[in-house]
Amino acid sequence: RLRAGKLGREDGGAGAMGSSDTMAAMVRMLSRITSSSPITNLDDDDLNKVKADCDLAIVRLVNERAKIAALIEERRGPGDGVPSAELKVEEIDRIAEANAAIGGPLKESSTRSIFQEISRVTSQLRHTVAFLGPMATFTHQAARCRFGINANYIQCERINDIFTAVEKGTAEFGLAPVENSTEGAISQTLDLLATSELQVVAEVCVEIRHNLLSRSELNKIQRVYSHPQALAQCRGWLQSNIMGAEVIAESSTAKAAQLAAASLPEEGIAAISSLLAAEIYSVPVRATSIQDLSSNMTRFVVLRRPNSNGKPESEPTGDDKTMLVLATTDRVGALHDVLNAFKQRGVNLARIESRPSKSKAWEYIFFVDMHGHWVDQNIREVMEELKDHCSSVRVLGSFPFVRRATNTPVMPSV
């Protein structure tokens with residue numbers, strides 16, 4: 001009976017489907033997987049039935065995963081850290097190892113992408129998250145990577161609006177770009193971090209792939225719109241392929257895609273944006289991966305109002321990063337003494353960036369990313385010594401170190 005089964009109808013087509021059908025499909029699939037009979041012996045009709053059983057079994061398992069995700073979220077307590085819809089490194093590595101052991105046709109990169117997307121889709125996180133809009137910006141995609149498709153997203157026109165939304169409690173979390181591997185720091189975000197009381201509770205690293213979207217043919221393009229960072233990251237390609245076209249800055253890559261979508265072919269308007277933006281706003285893709293450097297990533301910080309005790313929200317994992325902002329005293333050797341404090345305690349610096357203090361001409365503040373967590377003994381010792389060498393020092397946050405760029409989502413948010 002289980003071997004024959006029911007797929008709604010005898011021919012495996014659509015019909016009334018119940019829980020028992022998906023369970024029967026799982027039983028048949030288990031029997032097939034453990035069978036010594038090679039699948040190549042099946043004819044086309046039987047292969048299609050097996051494929052249909054695979055689909056039904058996946059439906060069952062994905063829904064079970066969603067139920068489990070909901071239970072986990074319901075049981076989350078205040079000390080359980082910052083929520084995430086993404087699989088942890090050890091989880092995705094375990095899945096990749098299982099795929100390798102099976103020896104199937106799926107590549108490791110494909111397996112990672114599929115299961116990260118399943119995790120985001122089945123996530124039951126319902127937090128309110130502010131991002132730099134409109135839909136399909138890279139900030140939106142980074143937010144969706146972190147919080148899944150079921151979160152409540154708030155579109156903001158400017159980066160400072162993200163900070164304001166979190167500060168006022170309109171959003172529980174905010175996502176802002178802080179650094180690009182090609183063009184460097186996002187100065188507006190750094191300036192806001194220096195003056196805001198918000199805490200950095202996590203980071204998201206997204207691989208950036210730029211594309212040229214337009215209703216016009218490539219040789220007819222006269223104007224190219226995008227965010228200044230995207231334009232800078234594609235400067236070489238633009239000069240080589242559409243030299244003479246006017247380059248115009250926009251507030252976001254997605255806003256640029258909206259302009260291209262609203263244009264007529266004879267206007268010659270193009271946008272540098274994502275494939276997701278091309279899909280959402282229905283704009284033809286004229287060229288893909290036009291960024292000048294193949295390794296092009298952007299790091300985003302996740303913002304939240306500070307705890308009442310002022311301590312970082314994430315517990316130490318053994319592989320963490322701490323962000324500081326500090327101002328040195330005005331004396332010879334002050335910066336040397338600051339750097340020596342890290343060296344003497346074996347603390348590795350991941351990044352150091354200077355910005356004008358905005359309070360006095362030619363006075364600078366420094367943003368420091370260091371390996372370790374705020375509660376680690378050597379970090380606490382560094383912090384104590386920095387007080388002797390700095391006019392001000394503040395911990396922006398401690399959180400798990402992200403060492404691998406996440407794949408951007410392949411599905412629009414719903």
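These entries record what I looked up in one chain of a predicted model.

**Entry 1. The chain as a whole**

I began with the overall composition. The chain has 414 residues, and buried residues make up 45% of them. I found its secondary structure to come to 13 helices and 15 strands. Along the principal axes, the C-alpha atoms fill a box of roughly 85 × 60 × 40 Å.

Of the contacts in the chain between residues at least 6 apart in sequence, 75% join residues at least 24 apart.

**Entry 2**

I turned next to an open sheet of 4 strands, in the order S13-S14-S12-S15 and with antiparallel pairing. Its edge strands are S13, residues 349-356, and S15, each of which pairs on one side only. Averaged over the sheet and with direction ignored, neighbouring strands are turned by 15° against each other.

I looked up what packs on this sheet. Helix H7, residues 187-195, does so, and it touches S12, S13, S14 and S15. The direction of H7 makes about 85° with that of S13. Helix H13, residues 377-389, lies across S12, S14 and S15 and runs at about 160° to S15.

Is strand S12 enclosed or open? I found 8 of its 9 residues, numbered 320-328, to be buried, so the strand is largely enclosed by the rest of the structure. The cut-off that matters for this reading is a relative accessible area under 20% for a buried residue.

I followed S12 to its partner strands. With S15, residues 390-400, the pairing is antiparallel over 9 bridges. In that pairing I noted Pro400 of S15 as the bridge partner of Asp320.

With S14, residues 364-371, S12 also pairs in the antiparallel sense, here over 6 bridges. I recorded two positions in this pairing. Thr322 has Met370 of S14 as its bridge partner, and Val325 stands opposite Phe367 of S14. As a reminder to myself, side chains in a regular strand alternate between the two faces of the sheet.

**Entry 2. Strand S7, with parallel partners**

In which sense do S7 and S8 run? I found strand S7, residues 223-226, to run parallel to strand S8, residues 246-249, with 4 bridges joining them. The bridge partner of Arg223 in S8 is Glu246.

S7 is also joined to strand S9, residues 269-273, by 3 bridges, and these two strands run parallel. In S9, Ala271 stands opposite Tyr225.

**Entry 3. Val178**

I selected Val178, which lies in strand S3, residues 173-180. Is Val178 buried or exposed? Its relative accessibility is 0%, and Val178 therefore counts as buried.

I listed the residues that Val178 touches, leaving out those up to four places away in sequence. Among them are Ala185, Ile186, Thr189, Leu190 and Leu193. The list also includes Arg299, Phe300 and Val301. I checked one distance as well: Val178 and Lys343 are 165 residues apart along the chain, and their C-alpha atoms are separated by 25 Å.

**Entry 4. Backbone exceptions**

Most residues other than glycine have a negative phi, and most peptide bonds are trans. I looked up positions that depart from this pattern.

Which residues does a cis peptide bond join? I found Gly133 and Pro134 joined in this way, with omega at about 0°. Pro134 has its place in the loop between strand S1, residues 128-132, and helix H5, residues 138-147.

I noted two serines with a positive phi. Ser282 has a phi of about 55° although it is not a glycine. Ser282 is found in the loop between helix H11, residues 275-281, and strand S10, residues 285-287.

Ser289, likewise not a glycine, has a positive phi of about 50°. It lies in the loop between S10 and strand S11, residues 297-304. With a relative accessible area of 39%, Ser289 is partly exposed.

Terms used:
Residues numbered from 1 in each chain as written. Predicted model: local features only at pLDDT ≥ 70, side-chain atom pairs only at ≥ 80, totals over all residues. Heavy atoms only, no water. Buried < 20%, exposed > 50% of the residue type's maximum accessible area, 1.4 Å probe, protein only. Pairing = 2+ DSSP bridges. Contact = heavy atoms within 4.5 Å. Axes fitted to C-alpha atoms, helices over the stretch in contact; angles between N-to-C directions.
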